[in-house]
Amino acid sequence: VTITTRLLVSHLSGIRHYEKDITKVKEEKEKVNKALKLTKSHQDKEQKEKEGKGIEKTDCVKQKKEHDSETKSRNSKPGRDKEFEQEEYYLKEKFESVIESLKIFKNDPLFFKPGSQFLYSTYGFTLLSAVVERASGQKFTDYMLKMFRDLDMLSTVLDDNEAMIYNRARCYIYNKKGRLVNAPYVDNSYKWAGGGFLSSVGDLLKFGNALLYSYQAGQFKNKNSKLLPGYLKPSTVAMMWTPVPKTEVSWDRDGKYAMAWAVVEKSQQYGCCRQQRHYASHTGGAVGASSVLLILPEELDPEALGTWPVAPPRGVIVTIICNMQSVSLNSTALKIAREFDKEKRAQ
């Protein structure tokens with residue numbers, strides 16, 4: 001088979017995640033698919049009933065559903081997740097290079113033919129980092145730290161247990177008795193690309209702004225050549241934020257996976273009904289920590305771009321980092337982004 005970097009970055013490679021048993025993975029996917037089908041058929045039934053009665057689906061119905069799901073989420077205790085029962089989350093071995101860490105999974109069989117199915121895989125990103133290491137001719141960690149410096153992300157560093165890191169937070173989990181305890185010691189050198197960096201909300205906002213600037217820079221008329229180029233080409237970010245077929249996103253049913261980002265596209269099926277705004281996001285989960293970075297680009301008016309006094313980035317960026325394991329943050333970040341976006345539109 002052939003595995004390309006595009007397949008790796010969209011989790012279509014067939015490389016396993018932490019679960020080694022393909023049967024368990026298939027069973028879990030079937031459960032999720034069944035639950036989604038039941039939800040969809042229930043929603044379709046509700047919609048048909050409303051159409052039959054001549055009742056339009058209003059924001060009130062949407063708000064009630066959001067409230068119900070939010071209450072359910074609030075009542076479920078964070079920190080206990082079957083995902084974190086996988087023993088490879090708790091590795092303590094130190095690897096000198098990402099190429100060396102490939103030994104963990106390089107002899108394991110692929111779960112499916114590359115390109116045929118979606119399976120989120122941290123190890124796919126470990127292989128991707130090995131590609132960067134070989135192509136750049138330098139250690140992946142050195143390459144990334146230089147990039148973070150270019151982006152002015154000076155608080156973003158390797159999650160190295162031995163290093164003295166100013167303002168490093170303690171991480172927490174719930175134990176089997178439901179008590180809050182310190183997270184166990186782990187060494188993340190086996191997965192720098194998939195969860196091995198420490199950062200701050202300030203740095204993640206800089207990262208989000210750099211991407212949003214790159215995405216929008218080509219849309220602004222640059223009469224006086226005062227607009228600097230983005231860190232990436234607009235076409236590159238657009239490609240990264242284009243949904244890839246056969247992918248899925250666990251934290252937003254409306255979304256698809258793109259290239260290292262989950263993306264929801266702009267969509268509206270019926271007048272005065274539910275709207276989807278275009279946004280890109282990604283959540284993060286580690287032993288004792290959870291995070292999200294969400295980018296909601298402003299819907300730019302092509303006619304007004306040449307007259308706008310304000311340069312890109314235009315939009316809302318939300319990032320949340322918490323030192324608690326298995327906290328769902330994407331829906332919270334999206335609600336915050338929508339509130340700020342609403343305020344901007346009202347001005």
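The legends below describe close-up views of a predicted model.

**View 1. The five-stranded sheet.**
Strands S5, S6, S7, S8 and S9 form an open sheet in that order, with antiparallel pairing. Its edge strands are S5 and S9, each of which pairs on one side only. Between S6 and S7, which run antiparallel, there are three bridges. Within this part of the sheet, Ala262 stands opposite Ser281 in S7. Strands of a sheet pair through backbone hydrogen bonds, in either a parallel or an antiparallel manner.

Ile295 is found in S8, the strand of residues 289-297. Ile295 counts as buried because its relative accessibility is 0%. Leaving out residues up to four places away in sequence, Ile295 touches Gly208, Leu211, Leu212, Trp241, Trp261, Tyr279, Ala280, Val316 and Ile317. Ala333 is 38 residues from Ile295 in sequence, and the C-alpha atoms of the two are 9.5 Å apart.

Helix H10 covers residues 330-346, and its 17 residues should span 24 Å at 1.5 Å a residue; the end C-alpha atoms are 24 Å apart, which agrees. The buried residues of H10 are Asn330, Ala333, Leu334, Ala337 and Asp341. Seen down the helix axis, these buried residues fall within an arc of 95°, so they line one face of H10. Strands S7 (279-286), S8 and S9 (315-322) are what the buried residues of H10 pack against. On the face turned away from the buried side, H10 carries the exposed residues Lys342, Glu343 and Ala346.

**View 2. The aromatic pair Trp241 and Trp261.**
Twelve aromatic pairs are found in the whole structure. In the pair shown, the ring centres of Trp241 and Trp261 are 5.9 Å apart and the ring planes are at 80°, so the pair is edge-to-face. Trp241 lies in the loop between helix H9 (234-240) and strand S5 (256-257), while Trp261 lies in the loop between S5 and strand S6 (262-264), so the pair ties together parts that are 20 residues apart in sequence. Both Trp241 and Trp261 are buried. Ile295 touches both of these tryptophans.

**View 3. An aromatic cluster.**
One aromatic cluster is formed by Tyr18, Phe84, Tyr89, Tyr90, Phe105, Tyr123 and Tyr190.

**View 4. Gln216 in helix H8.**
Gln216 belongs to helix H8, which covers residues 201-217. With a relative accessibility of 1%, Gln216 counts as buried. Beyond its neighbours within four places in sequence, Gln216 is in contact with Pro297, Glu298, Leu300, Pro312, Pro313 and Arg314.

**View 5. Cysteines without a disulfide.**
A search of the whole structure finds zero disulfides. The sulfur of Cys171 has its closest cysteine sulfur in Cys322, at 9.3 Å, which is too far for a bond; a disulfide would need the sulfur atoms within 2.5 Å. Cys171 counts as partly exposed, because its relative accessibility is 24%. Cys272 is likewise in no disulfide, and the nearest cysteine sulfur, that of Cys273, is 6.9 Å away. At 70% relative accessibility, Cys272 counts as exposed.

Definitions and conventions:
Residues are numbered from 1 along each chain as its sequence is written. This is a predicted model: local features need pLDDT of at least 70, side-chain atom pairs count only at pLDDT 80 or more; totals for chains, interfaces and linings use all residues. Side-chain values use heavy atoms; hydrogens and water are left out. Helices (H or I, at least four residues) and strands (E, at least two) are DSSP runs, numbered from the N terminus. Buried means under 20% relative accessible area, exposed over 50%, partly exposed in between (1.4 Å probe, protein chains only). Contact means heavy atoms within 4.5 Å. Rings of Phe, Tyr and Trp (its six-membered ring) pair if their centres lie within 6.5 Å; planes under 30 degrees apart count as stacked, over 60 as edge-to-face and the rest as tilted. The expected span of a helix is 1.5 Å times one less than its number of residues. The arc is that of the directions from the helix axis to the C-beta atoms. Two strands pair if DSSP finds at least two bridges between them.
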